[in-house]
Amino acid sequence: MTTPPALLIAGHGTRDDAGAEAFRAFVRELGLRRPDLPVAGGFIELSPPPLGEAVAELVRRGVRRFAAVPLMLVSAGHAKGDIPAALAREKERHPGLTYTYGRPLGPHPSLLRVLERRLAEAVDPSWDPAEVTVLLVGRGSTDPDANAEVFKAARLLWEGRGYAGVETAFVSLAAPDVPSGLDRCARLGARRIVVLPYFLFTGILPDRVRTQTEEWAAAHPDAEVRSADVIGPEPELLDLVLERYEEAVRGDLRMNCDSCVYRIALPGFEDKVGLPQQPHFHPDDDGHHHGHGHGHAHSHSHAH
């Protein structure tokens with residue numbers, strides 16, 4: 001019987017210890033869910049273990065083939081450039097190692113159901129959904145395609161669920177920010193608003209969303225504002241990661257190329273087209289250091 005490829009989970013990284021441990025616990029739970037698979041996980045930056053260390057762990061366990069899944073909701077710089085570059089580097093470090101690269105999670109219907117649960121947990125049971133406006137808050141990126149994915153999630157969350165509306169904001173790098181998003185909800189006549197963080201786990205940025213929401217609510221006593229929780233390590237998330245793993249193993253990869261800044265000249269981002277791929281070094285990875293001003297290449301050939 002052919003041994004299936006191992007599973008490598010790639011995370012953003014966070015300075016928040018609880019958020020980093022949530023990721024590591026999630027990787028351990030995946031291993032329990034699929035005891036037939038070697039499973040490891042690492043971060044691109046900020047948190048241990050770095051992705052290279054996770055690959056080395058798999059190699060020590062005798063792994064020669066793996067499928068990498070980015071534990072990310074949208075395909076931004078990390079998923080499009082940093083992870084493919086890091087994996088290419090690890091292939092050079094470990095001769096004979098082969099891998100396939102899966103796609104980010106995206107606004108999958110199962111995650112939309114989790115978001116709906118988070119909303120239900122946050123609102124007063126007496127509230128009519130038709131009187132509730134949701135503000136979905138994403139991480140934010142310098143990649144317009146990644147930001148557009150958050151708007152897509154907001155639209156899909158609105159469809160068929162009866163909310164007054166689902167607006168969109170970002171906590172970093174992109175407009176509108178959280179206060180501006182709340183201002184827009186109020187201008188649209190919203191009196192009951194639920195701020196819903198579009199994040200997998202706790203961390204500094206979701207905490208910032210909650211803090212900014214509380215500050216805005218204190219300054220606008222006429223509005224009823226609630227904060228919902230992050231997605232968290234729900235069974236649906238475990239199932240979706242394994243679905244993305246199976247896609248990568250089968251070679252059934254459907255990446256969005258129509259609005260990728262590394263292939264298409266979008267207004268204001270023309271300088272990104274064709275940028276060379278550069279690894280994103282973790283500060284603790286073999287003594288290398290990295291900056292955030294480099295370009296990312298978009299690798300569409302993920303089977304190596």
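Analyst: Let's start at Pro-176, which lies in the loop between strand 6 and helix 6. Helices (H or I, at least four residues) and strands (E, at least two) are DSSP runs, numbered from the N terminus. This is a predicted model, where local features need pLDDT of at least 70 and side-chain atom pairs count only at pLDDT 80 or more, while totals for chains, interfaces and linings use all residues. Residues are numbered from 1 along each chain as its sequence is written, and side-chain values use heavy atoms, leaving out hydrogens and water.

User: OK, what kind of peptide bond joins Ala-175 and Pro-176?
Analyst: A cis one, with omega at about 0°. There's also a cis bond from Pro-48 to Pro-49, with omega near 0°. Pro-49 sits in the loop between strand 2 and helix 2.

User: Is Ser-172 buried or exposed?
Analyst: Buried, because its relative accessibility is 18%. The cut-offs are under 20% relative accessible area for buried, over 50% for exposed and partly exposed in between, using a 1.4 Å probe and protein chains only.

User: And what does Ser-172 touch?
Analyst: Leaving out residues up to four places away in sequence, Ser-172 touches Arg-139, Gly-140, Ser-141 and Leu-205. Contact here means heavy atoms within 4.5 Å. With Arg-139, the Ser-172 side chain reaches the backbone oxygen at 2.7 Å.

User: What about Leu-173, buried or exposed?
Analyst: Leu-173 counts as exposed, because its relative accessibility is 65%. Leu-173 is in the loop between strand 6 and helix 6, and it has a positive phi of about 70° although it is not a glycine. Leu-46 has a positive phi too, near 75°, and isn't a glycine either. Leu-46 is in the loop between strand 2 and helix 2 and is partly exposed, because its relative accessible area is 36%.

User: Switching topic: how do helix 6 and helix 7 pack?
Analyst: At an angle of about 45°, with their axes 9 Å apart; helix 7 covers residues 204-219. The axes are lines fitted to C-alpha atoms, for helices over the stretch in contact, and angles run from 0 to 180 degrees between N-to-C directions. Helix 6 and helix 7 are therefore oblique to each other. In this naming, under 35 degrees is roughly parallel, over 145 roughly antiparallel, 65 to 115 roughly perpendicular and the rest oblique.

User: Which residues of helix 6 and helix 7 meet?
Analyst: Among them, Leu-182 and Ala-186 on the helix 6 side, and Val-209 and Trp-216 on the helix 7 side.

User: What about helix 4 and helix 5, at what angle do they pack?
Analyst: About 70°, with axes 10 Å apart; helix 4 is residues 109-122 and helix 5 is residues 144-158. That makes helix 4 roughly perpendicular to helix 5. Leu-112, Leu-115, Glu-116 and Leu-119 in helix 4 meet Ala-153, Leu-156 and Leu-157 in helix 5.

User: And the strands, in what order do the four in the open sheet come?
Analyst: The order is 2-1-3-4, with parallel pairing. Strand 2 (39-43) and strand 4 (98-101) are the edges, each pairing on one side only. Two strands pair if DSSP finds at least two bridges between them. Strand 1 (residues 6-11) and strand 2 have five bridges, and Leu-8 has Ala-40 in strand 2 as its bridge partner.

User: Which strands does helix 2 lie across?
Analyst: Strand 1, strand 2 and strand 3 (65-70); helix 2 is residues 51-60 and runs at about 160° to strand 2. Helix 8 (residues 235-250) lies across strand 1, strand 3 and strand 4, at about 130° to strand 3.

User: Last one: Lys-80, buried or exposed?
Analyst: Lys-80 counts as buried, because its relative accessibility is 1%. Lys-80 lies in helix 3 (residues 77-93).

User: What do the side chains of Lys-80 and Asp-143 share?
Analyst: A polar contact of 2.9 Å. Another, of 3.0 Å, joins the side chains of Lys-80 and Asp-145. A polar contact is a pair of N or O atoms within 3.5 Å; within protein, one must be able to donate a hydrogen and the other to accept it, and residues adjacent in sequence count only if both atoms are side-chain atoms.
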